[in-house]
Each structure stands twice: as structure tokens, then as C-alpha cells.
Amino acid sequence: MASNTIGQVIRCKAAVAWEAGKPLVIEEVEVAPPQAMEVRLKILFTSLCHTDVYFWEAKGQTPLFPRIFGHEAGGIVESVGEGVTDLKPGDHVLPVFTGECKECRHCKSEESNMCDLLRINTDRGVMLNDGKSRFSINGQPIYHFVGTSTFSEYTVVHVGCVAKINPAAPLDKVCVLSCGISTGLGATLNVAKPAKGSTVAIFGLGAVGLAAAEGARIAGASRIIGVDLNSKRFNEAKKFGVTEFVNPKDHDKPVQEVIAEMTNGGVDRSVECTGSINAMIAAYECVHDGWGVAVLVGVPNKDDAFKTHPVNVLNERTLKGTFFGNYKPRSDLPLVVEKYMNKELELEKFVTHEVPFSEINKAFEIMLRGDGLRCVIRMDA
């Protein structure tokens, strides 16, 4: 990395969302140097996640514009702020929308990854240190998004939200581990924990659900049943280890009953990746009594209520939830990257499109069409 930018304001290109639902505009922005416990990153690759689209559309949340979106990315440390000791310029990293301060009760617990200081905050558009943005155009502040804002050639991130990874790992592939793929993978491997030879049902066959299926494949599940309302997704899902498919619309009974009949009383594990409250209930009610575990990943609507008969709990079915696949970003993501490097985890099949940064709006069009899984954006093109 060139050291002549350290301590200086950097002028670079960023894709700015000026208002909800309108195409992003490539602008020249000023990126301030990192302050205490912050790092400035040169982003080389970023990908588009549905969460970016959801907040860009501003449906159901407090709109905050102008803003730089983006939170799945890979890059290199350009400079570090005061107090940063475990990162240095030139390190290869993944910025993450949630963090690990290593000091709070959650970070010190082996069971939690929900850091008190750095847990995702979608409403905050400024840095924790001083409540200000590091981005500006002609003196006008441009808001951050979930502490990452990777749709910019340079960005400033809290050190606790940066995972240092193997420099040999290809950033155009491992960048997708910053959010959705790790969420689905960890939901299966870290939370559902299916035994070898077990049966697993995956609700929702988008990128997160297919990552959950990939986790079941890695764990050695004997049957992986994919459940989705879109039958076009079934063929693609075979690449991720899915062995059987159920479209709830094809049946005149609840899908949990269909799955129970297919599996002699229910699956050993289920992972729900849709956000649909009906899918959540079905995922819980389709696991076997005595030992079945259902894991909820999808984010429901704020007015939803989970309803099931208490006898399902008494019959020893377990319901769990997960946030970012129970991975601690700084401690665990480097190990997930190594799974890819050791060829245990296949990431290439998640990347279905690539576009240059100048055509970032194409990535939004692809996502809105529901075409493919992940679109990787090459920042230097």
C-alpha cells in the first residue's frame, strides 16, 4: 500500500444513494482519516446483499439519505487510527456489519456473538467515536450504512468490525462471507449442528438458504430437503447438496405434515431462511419429537407473532435463533476463509454475476429480478 495517503483525506469514487429507490450515482467523495479504534480500508471487491436493497428502497424503516450502502466486501487496510494494534497497512480483511469488541459480556461468552458495542445498527449513519461521518462531498456529510459502507473505493470502519484473513485468499470469492453466506452456513454448522447421516430441511432457497444447505452437506447429512415457493430454484439447489424438494403450493396440507410423512415423523434439523412467519412455524413443527432442532434465521415483520401448540415444546422439539450464524467476526471468520482455502467450502457457486463498479446499478437490477445469488462488484473497473 502507498503510505503517502496515511493521515490525509482521500478523494475517491463512491456510489451514493441520494434518495430512496433512485439509481446510485458514482460521485467523488472525500474520505477522512481513521480516528481512534478505526481503520481505513481500500475496498477491492464488494457484493450486493438483499439487505442493501431493502434499506435502499426504504420500505418500513427510517430513511437516511444521502448514504453509501454496501456491507459484503473484501479489501486491504490502508491506514489505522490510534489504539489499533492488531491490524496494519497491507493486511487483507473482510469488513463486517456486526462486530466483536472482545470486552463485553457477549464477546467474552463462548455462546454469543451479539457484541454490546458493535451489534448491527441500521439507523446509525455515523461513527461511534465522535458521532460524525467520515464521508463528505463539498463539505456535505454522506451517511454510513451498518458501519461498513463498502460501495466506496475507500471506507472507514471500527476495528472491531474488521476480520483479518489469509492474504492468499481471493477477495473476489471470500468477500461474500461478510454477511449472507456465513449467516446460512453458521446457522447449520454452529447452531443446528446436524450429525452425520441426519435429515435436514431448509426453508427458503435463496443465497442464505443455499449456504445453510452447504453447511448440511459439509456436516454429512444424508437427506437435505429444500422447501421453497419458487420451483425454479430447485435445480440450482442440487449444486448445494439439496437432495429433495417440496413446494408448499403443490400440497393441500401444511408443509410440516408433508415433511413429517416423508421422514417418518420429522427431520432431525431444520433451518428457516425466509422471514415468513408461516415458514418459521412450519420449520419448527416439521422436526422430529424427542430430538428435533429448528433454527430461525429470517427476519420477520415487526407485527408477526410465532404461534405453536405448547405440546410441541413439551414433546422435546427445540427452537433456536441465530444472528450471523453465531460467528464472532474477528475470531471466527478467518477460520471460515480457511475452510474455503482447504476446499471444504465451495464459494464459486454462490457468485453468479460480476459487474464493474461503474455499472453497480446493474447489480441492483439483477437482485430485484431475483436472478442469481450474488453479484460481485469489481471496484477497480
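Q: If two strands count as paired where DSSP finds at least two bridges between them, over how many bridges do strand E2 (residues 25-31) and strand E6 (residues 135-137) pair, and in which sense?

A: Strands (E, at least two residues) and helices (H or I, at least four) are DSSP runs numbered from the N terminus, and here E2 and E6 pair in the antiparallel sense over two bridges. Within this pairing, Glu-30 has Ser-136 of E6 as its bridge partner. The model is predicted, so local features need pLDDT of at least 70 and side-chain atom pairs count only at pLDDT 80 or more, while totals for chains, interfaces and linings use all residues. Residues are numbered from 1 along each chain as its sequence is written, and side-chain values use heavy atoms, with hydrogens and water left out.

Q: In what order do the four strands of the open antiparallel sheet stand?

A: The order is E1-E2-E6-E7, with antiparallel pairing. Strand E1 (10-16) and strand E7 (140-142) each have a single partner strand, so one side of each lacks a neighbour in the sheet. Axes being lines fitted to C-alpha atoms, with angles from 0 to 180 degrees between N-to-C directions, neighbouring strands of this sheet are turned by 50 degrees against each other on average, direction ignored.

Q: Which order is found in the open sheet of six strands?

A: That sheet runs E12-E11-E10-E13-E14-E15 with parallel pairing.

Q: Why does the second largest pocket lie between domain 1 and domain 2?

A: A pocket, on a 1 Å grid over the protein atoms alone, is an open set of points with protein on both sides within 12 Å along at least five of seven lines, and lining residues have an atom within 4 Å of a point. Domain 1 (10-15 + 54-149 + 173-179 + 326-378) and domain 2 (181-325) both contribute lining residues, so this pocket lies between them; the bounds come from an automatic or database domain assignment. Its lining includes Glu-111, Met-114, Lys-193 and Phe-323, and helix H4 (180-192) and strand E15 (318-321) each supply at least two of the lining residues. The space amounts to about 150 Å³, a volume being that filled by probe spheres set on points joined across faces, edges and corners.

Q: How many cavities of 30 Å³ or more are counted?

A: A cavity is a set of grid points where a 1.4 Å probe fits but cannot get out, and the count is one at 30 Å³ or more. The largest cavity holds about 160 Å³, and of its 14 lining residues the closest to the centre are Arg-124, Val-126, Leu-128, Val-146 and Gly-147.

Q: Is the peptide bond from Phe-65 to Pro-66 cis or trans?

A: Most peptide bonds are trans, and most residues other than glycine have a negative phi. The bond from Phe-65 to Pro-66 is cis, with omega near -5 degrees, and Pro-66 is found in the loop between helix H1 (50-57) and strand E4 (72-80). Met-37 has a positive phi, near 60 degrees, and lies in the loop between E2 and strand E3 (38-47).

Key: Pairing = 2+ DSSP bridges.
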